[in-house]
Amino acid sequence: MRAWVLHGIGDIRLEHMPVPVPKAGEALVRVKAAGICGSDIPRIYETGAHKHPLIPGHEFAGVVESVGAGADESLPGKPVGVFPLIPCGKCGPCRNWQYEMCRNYNYLGSRTDGGFAEYVVVPVKNLVTLPDGVGYAEAAMLEPMAVAVHAMRRVFPEFRGKENEKYETEIFQGELVHSREKDITVAVCGLGTIGLLLIHFLRERGIRNILAIGNKDYQKEMLKQCGLSDISYWDSRKGDVGAWLSEITEGAGADVFFECVGKNETVSLAVNHTGSGGTVCLVGNPHSDIALDRDVYWKILRNQLTLIGTWNSSFNRVPDNEVAEKTGRQAIRQELERWPQQDDWQYVLERLKGRKVQPGKLISHRFSLENLEQGFQIMRDKSEDFVKIMMCM
């Protein structure tokens, strides 16, 4: 097979490699589409991966080609998306089915071979069967969509319920709940793929008063497709974003502020312009050390702000009874089954199936496997406007 192999920082090559063979509990997936994540670029050109050589790529979808021993023999031929985090299944978070917080995880595309190839081996438990009508390019965006949804539902626990089912928010005692009935103001700073998807999902759930902060002309056009007006967008290249936020919120600040950049100045901006009793959700991966000035830190204390961290997405496939009994978590398993709760991937799939979200509109570039390096370079050099760059097979 052909695959893009990262041998070291800045050394990525298209090579011929043996097709991997699935072991027990694994499936061989023929890749049909793979998206380039913003985190892939520093991995390729700046920091390297956890090991070399490595095939990057963790946002991908395809069709099951074959399965290893003990796996479901009906899987070959089925179209699938892939949850890229491979949990250890033994640590505290895993025992509570909080796999996104696993302490000893593996990860497709950063710690083990991923999807920038013709074939990839995936644990069967990480497969998501695609519903009819969902294309491979859309399915390759399941992972960033689930990341955006995870951030949204960390702040809005009431969105964790199943569609059209009343959710008992008392089950989330101690968590902050922002009601949709209140006319809240939500700010989103950073309009890459995650930020744009986040706005899309916030709009879909009925939140209308959204303030978006970006720095690209095309981002404004993308926001129009989400139904945002020009007055709800601020281009940070054109003036003082803090002054704009103060003016548009009449000094009150946002009720919720999603920081999707990961830089000192934008974290400080979020704290400074979140209103009393509000919530700052830190979404962006840090570009460097984050340090807050004393006056900014005081804002957290005096405004009694809630800071929420978010990473990855929930993929709560409940283990077999036998596994649950061995880990002593049978009671929790039964409780989970009673809750009207979906994991983030189920949430996204439901909306894809109902055409409530259309992530394909965010795909700005499509490249073949052979030409994928052009996509890496566009994102590295920012030589063209882009949102999601996709490899299509």
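Modeller: Asn126 counts as buried because its relative accessibility is 5%, where buried means under 20% relative accessible area, exposed over 50% and partly exposed in between, with a 1.4 Å probe and protein chains only. This is a predicted model, in which local features need pLDDT of at least 70 and side-chain atom pairs count only at pLDDT 80 or more, while totals for chains, interfaces and linings use all residues. Residues are numbered from 1 along each chain as its sequence is written, and side-chain values use heavy atoms, with hydrogens and water left out.

Biologist: Where is Asn126 found, and which residues does Asn126 touch?

Modeller: Asn126 is found in the loop between β8 (119–123) and β9 (127–129); helices (H or I, at least four residues) and strands (E, at least two) are DSSP runs, numbered from the N terminus. Leaving aside residues up to four places away in sequence, Asn126 touches Gly81, Val82, Phe83, Pro84, Leu85, Ile86 and Phe315, a contact being heavy atoms within 4.5 Å.

Biologist: How should I read a sheet, and in what order do the six strands of the open sheet lie?

Modeller: Strands of a sheet pair through backbone hydrogen bonds, either parallel or antiparallel. Here the order is β12-β11-β10-β13-β14-β15, with parallel pairing, and two strands pair if DSSP finds at least two bridges between them. The edge strands, β12 (233–235) and β15 (306–309), each pair on one side only. Within the sheet, β13 (residues 254–259) and β14 (residues 274–282) pair in the parallel sense over five bridges, and Val256 has Thr279 of β14 as its bridge partner.

Biologist: Which strands does helix α8 touch?

Modeller: Helix α8 (residues 264–272) packs on the sheet and touches β10 (186–189), β11, β13 and β14, its direction making about 150 degrees with that of β14; axes are lines fitted to C-alpha atoms, for helices over the stretch in contact, and angles run from 0 to 180 degrees between N-to-C directions.

Biologist: At what angle do helices α1 and α13 pack?

Modeller: Helix α1 (residues 40–47) and helix α13 (residues 372–381) pack at about 85 degrees, with their axes 10 Å apart. That angle makes α1 roughly perpendicular to α13, since angles under 35 degrees count as roughly parallel, over 145 as roughly antiparallel, 65 to 115 as roughly perpendicular and the rest as oblique. Ile41, Ile44 and Tyr45 of α1 meet Glu373, Phe376, Gln377, Met379 and Arg380 of α13 in this contact.
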